[in-house]
Amino acid sequence: MQNSLNTRSMIFTLYGDYIRHYGSEIWIGSLIRLLEEFGHNEQAVRAAISRMNKQGWIAARKQGNKSYYYLTDRGKKRMDEAAKRIFNVQQEPWNGEWMMFTYTIPEEKRSIRDELRKELVWSGFGLLANSFWISPHPSSDQIQSMIDKYDIKEYVHSFTAVYNGPNENEKLVSECWDLNDINTKYNDFIVTYSQKYVIDKNKIEKGEMTDGECFVERTKLVHEYRKFLFIDPGLPEELLPAEWLGDHAASLFSDYYRALAGPASRFFESIYSDGNELKKNTKHDVLNHPLIQEK
């Protein structure tokens, strides 16, 4: 069915959009059953969950002959950060300052450089010059977390500054990020999902779409939209072009998500409750997601 969807990446999506609201833990049997809906087999799920365990995103515990996997503190933190960006938390007005981060990591630690680059891109930093990254977001906590994680205190420097020219801030943006390319990807998302939204909303209203089908579509929707976390730095409005499509995509995502949310959650709970204690977060209202902001 959907074998093209990376198993590990799909598991991240399930933890972020479902499992973290149910005690952040799931029995491996339930996880395997849920991933079957996307064409992933047991072997692929076990291999992916083992890799995530080794990477420190999740940890395992045994209860009788059952294995349960729960989010570590690091995993929970990443999920919370992702949720705030996926569900479009309103930004404060930009104060005009740039966070700058630079490093000189020795060759014998070059593997750290590759991991650090990925972390910086995910955190919304752009590469201005060799080993010199900038972000319009106050990212001191994220920077400190990376410094601690990779033990690179002696190799890095970070500071905030105001750009004094000779060009405009938009010049910095154009050198760090290809907003035209990101806009093109947002347009592709809008073209694909605006049509799917209309079709599925109509099916749901007529009772022609099962809970399982809603679960699959909601998970795929979040999975696809989550990809923008890795390419869109989430720039403040002051630095975006007038024809920016990110807000349109966010509104479409929110509308489609709400349409699928109720039946999708019912299906998830029907699978989850067989093998897990239902520890649902009573503060989480899937039909009125606290992080979704109205435009």
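Predicted model: local features only at pLDDT ≥ 70, side-chain atom pairs only at ≥ 80, totals over all residues.
Colleague: What is the strand order of the open sheet of three strands, and which strands are at its edges?

Modeller: The order is β1-β3-β2, with antiparallel pairing, and the edge strands are β1 (25–27) and β2 (58–63), each of which pairs on one side only. Direction ignored, neighbouring strands of this sheet are turned by 25° against each other on average. Helix α3, residues 42–54, lies across β2 and β3 and runs at about 115° to β2.

Colleague: How many strands does the sheet with the order β5-β6-β4-β7 have, and what are its edge strands?

Modeller: That open sheet has four strands, again with antiparallel pairing, and its edges are β5 and β7 (156–162), each pairing on one side only.

Colleague: How many bridges join β5 to β6, and which residue of the hairpin takes a positive phi?

Modeller: Three bridges join strand β5 (residues 126–129) to strand β6 (residues 132–135), and the two run antiparallel; within that pairing, Gly126 stands opposite Ile134 in β6. The hairpin has two residues between the strands, and Ser131 takes a positive phi near 60°.

Colleague: What is the bridge partner of Thr102 in β6, and what else does that partner touch?

Modeller: In a regular strand the side chains alternate between the two faces of the sheet. The partner of Thr102 in β6 is Phe132, and the pair sits where four bridges join strand β4 (residues 97–103) to β6 in an antiparallel arrangement. Leaving out residues up to four places away in sequence, Phe132 touches Met100, Phe101, Thr102, Gly126, Leu127 and Phe159. Phe132 and Met100 are 32 residues apart in sequence, while their C-alpha atoms are 7.3 Å apart in space.

Colleague: Which helices pack on this sheet, and at what angles?

Modeller: Helix α5, residues 110–122, lies across β4 and β6 and runs at about 170° to β4. Helix α7, residues 169–176, also packs on the sheet, where it touches β4, β5 and β6, and its direction makes about 105° with that of β5.

Colleague: At what angle do α2 and α10 pack, and why are they called oblique?

Modeller: Helix α2 (residues 28–36) and helix α10 (residues 246–272) pack at about 140°, with their axes 9 Å apart. Angles over 145 degrees would count as roughly antiparallel and those from 65 to 115 as roughly perpendicular, so the two helices are oblique to each other. The crossing of α2 past α10 is right-handed. In the contact, Ser30, Arg33 and Leu34 of α2 meet Phe267, Phe268, Ile271 and Tyr272 of α10, which by class gives five nonpolar, one polar and one charged residues.

Colleague: How much helix and strand is there over residues 92–173 and over residues 177–269?

Modeller: UniProt, in an unreviewed entry, annotates residues 92–173 as "domain: Transcriptional repressor PaaX-like central Cas2-like"; over that range the chain is 35% helix and 27% strand, with the end C-alpha atoms 19 Å apart. For residues 177–269 the UniProt annotation, also unreviewed, reads "domain: Transcriptional repressor PaaX-like C-terminal", and there the chain is 72% helix and 0% strand, with the end C-alpha atoms 40 Å apart.

How values were computed
Residues numbered from 1 in each chain as written. Heavy atoms only, no water. Axes fitted to C-alpha atoms, helices over the stretch in contact; angles between N-to-C directions. Parallel < 35°, antiparallel > 145°, perpendicular 65-115°, else oblique. Left-handed = near helix turned anticlockwise from the far one by under 90°. Contact = heavy atoms within 4.5 Å. Nonpolar A, V, L, I, M, F, W, Y, C, P; charged D, E, K, R; others polar. Pairing = 2+ DSSP bridges. UniProt positions renumbered as here; feature names shortened; annotations may be inferred.
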